[in-house]
Amino acid sequence: MHFADVTAAAALDDKIVGGYQCEAHSQPWQASLNIGYHFCGGSLINDQWIISAAHCWQKCIAILGENHIWMHEGTEQFMAVDAIYWHESYDYQTFDYDIMLMKLAHPVAINEYVKPVALPKACPSPGDMCMVSGWGNIYTDQGEMLPILSNKECENSYPGMITERMVCAGYLEGGKDACQGDSGGPLVCNGELQGIVSWGQGCAQPNYPGVYTKVCALMPWINEILSRYS
């Protein structure tokens, strides 16, 4: 397999496959990155910072409190982005270090519709069940529970392509996955953000699980950026 065959967050479809509509506002950290339309997801990690994938970098606004992306529900907060910090080692060909932090121009109002997700205290274990969520081109927030796969299973699916900053989640038989448009969105395990939707081969294809930026492996960088620029 060559990297030309691998696209960010899967290119054969553009929504969570095999998922279900989330209960409205059940993922209150979910952010929509918007350039006149939704193009990537993100996660609120405190009242003024969003985390997403570096391959989602664009000048944009962030929308919090969103459920139906084409309907005004009165719960949305439209936030200007003041600064974007992507990892200095990000590799757009391999998607290694696929992470960025976005500082909002001012803090969000924390309420029942907009709340941050906890950052991880430890790395996830194989078999942990995690929620991936996002809109893709579906108008309401979709979600799917996926298991964390072992490093060996991940490496077997993508020989020579998995780094220490990546984690796989999904079913090797296929059928359930996050896809393009869900890029940058959250993978939440036991209430902690353990993954950022990054890349994969196809979408929900057998033996090709989704690959996520491994948040726990990048906590030193996250803490450094937050400390330096908050």
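Author: In this predicted model, a disulfide is a pair of cysteine sulfur atoms within 2.5 Å, and that cut-off is the test applied in what follows.

Reader: How do you know that cysteine 130 and cysteine 189 form a disulfide?

Author: The sulfur atoms of cysteine 130 and cysteine 189 are 2.0 Å apart, and because the rule asks for a pair within 2.5 Å, cysteine 130 and cysteine 189 form a disulfide. The pair links distant parts of the chain, with cysteine 130 in strand S9 and cysteine 189 in strand S12 (residues 186-189), 59 residues apart. Both cysteine 130 and cysteine 189 are buried, and the torsion about their S-S bond is 105°, a right-handed link.

Reader: What makes the disulfide of cysteine 123 and cysteine 216 right-handed?

Author: The torsion about the S-S bond of cysteine 123 and cysteine 216 is about 105°, so this disulfide is right-handed. The sulfur atoms of cysteine 123 and cysteine 216 are 2.1 Å apart, and the two residues lie 93 residues apart in the chain. Cysteine 123 is in the loop between strand S8 (100-104) and strand S9 (129-134), whereas cysteine 216 is in the loop between strand S14 (210-214) and helix H2 (219-229).

Reader: Why is cysteine 123 called partly exposed, and why does cysteine 216 count as buried?

Author: Buried means under 20% relative accessible area and exposed means over 50%, with partly exposed in between. Cysteine 123 has a relative accessible area of 42%, and is therefore partly exposed, while cysteine 216, at 12% relative accessibility, counts as buried.

Reader: What do cysteine 154 and cysteine 168 tie together?

Author: A disulfide joins cysteine 154 to cysteine 168, with an S to S distance of 1.9 Å, and with 60° about the S-S bond this link is right-handed. Cysteine 154 lies in helix H1 (residues 151-157) and cysteine 168 in strand S11 (residues 166-169), so the pair ties together parts that are 14 residues apart in sequence. Both cysteine 154 and cysteine 168 are buried.

Reader: How do you know that cysteine 60 is in no disulfide?

Author: The nearest cysteine sulfur to that of cysteine 60 belongs to cysteine 40 and is 8.6 Å away, and because a disulfide needs sulfur atoms within 2.5 Å, cysteine 60 is in no disulfide. Cysteine 60 has a relative accessible area of 10%, and is therefore buried. By the distance rule, the count comes to four disulfides.

Reader: What makes strand S13 mostly covered, and which strands pair with S13?

Author: Nine of the nine residues of strand S13 (residues 192-200) are buried, and in that sense the strand is mostly covered. S12 and S13 run antiparallel and are joined by four bridges, and S13 and S14 also pair in the antiparallel sense, over four bridges.

How values were computed: Residues numbered from 1 in each chain as written. Predicted model: local features only at pLDDT ≥ 70, side-chain atom pairs only at ≥ 80, totals over all residues. Heavy atoms only, no water. Buried < 20%, exposed > 50% of the residue type's maximum accessible area, 1.4 Å probe, protein only. Pairing = 2+ DSSP bridges.
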